[in-house]
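Let's walk through this fold together, starting from the middle and working out to the rings. Have the viewer open as you read.

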Amino acid sequence: MTKKDLSQLYWLNREIEEQQRRLAEFEALATNCASRITGLPHVRGVTDKLAAYTAEIADLRVIIDLNLRKCFYELNRLTRYINGIDDSQIRQILSLRYINGLSWQQVAFTIGGNTADSVKKAAYRFLEKN
């Protein structure tokens, strides 16, 4: 498995966070759009913004759900791979980094007695060999 393969969970999580942020924006726009009732007659050519936002919200919810499913699949795949490693320290390093999403500095601190550079090099050496 490569660093890119291991990093997929991280990038999926970032993608989901961005989509959830966009969803919150559309929900806020839809709420604001629904509360603006002026009593003026509708002018030809004006689109129904609420309907557009509602459609976008529904699409985003489906996409987020799909990405969450991908995320669970990726988490299971990474867990199986990491649990199959014989070296306990490497298992712990890879788990903290690629499953928990910690920085190399946080991984080193959690393991104790190591620097960020040393745990990073140990992980990369292992990945190059396997």
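The largest nonpolar core has 27 residues, and Ile-93, Leu-94 and Trp-104 touch the most other members. A nonpolar core here is a set of buried Ala, Val, Leu, Ile, Met, Phe, Trp, Tyr and Cys residues joined through side-chain atoms within 4.5 Å; buried means under 20% relative accessible area, exposed over 50%, and partly exposed in between (1.4 Å probe, protein chains only). H3 (49-83) is among the helices giving two or more residues to this core, and H3 gives the most, with seven. Helices (H or I, at least four residues) and strands (E, at least two) are DSSP runs, numbered from the N terminus.

Keep in mind that this is a predicted model: local features need pLDDT of at least 70, side-chain atom pairs count only at pLDDT 80 or more, and totals for chains, interfaces and linings use all residues. Residues are numbered from 1 along each chain as its sequence is written, and side-chain values use heavy atoms, leaving out hydrogens and water.

Overall, you're looking at six helices and zero strands. Of the 130 residues, 25% count as buried.

Now for the rings. Trp-104 is buried at 9% relative accessible area, while Tyr-124 is partly exposed at 22%. Their ring centres lie 5.7 Å apart with the planes at 85°, so the pair is edge-to-face. (Rings of Phe, Tyr and Trp, using its six-membered ring, pair if their centres lie within 6.5 Å; planes under 30 degrees apart are stacked, over 60 edge-to-face, and the rest tilted.) The pair links helix H5 to helix H6, with the two residues 20 apart.
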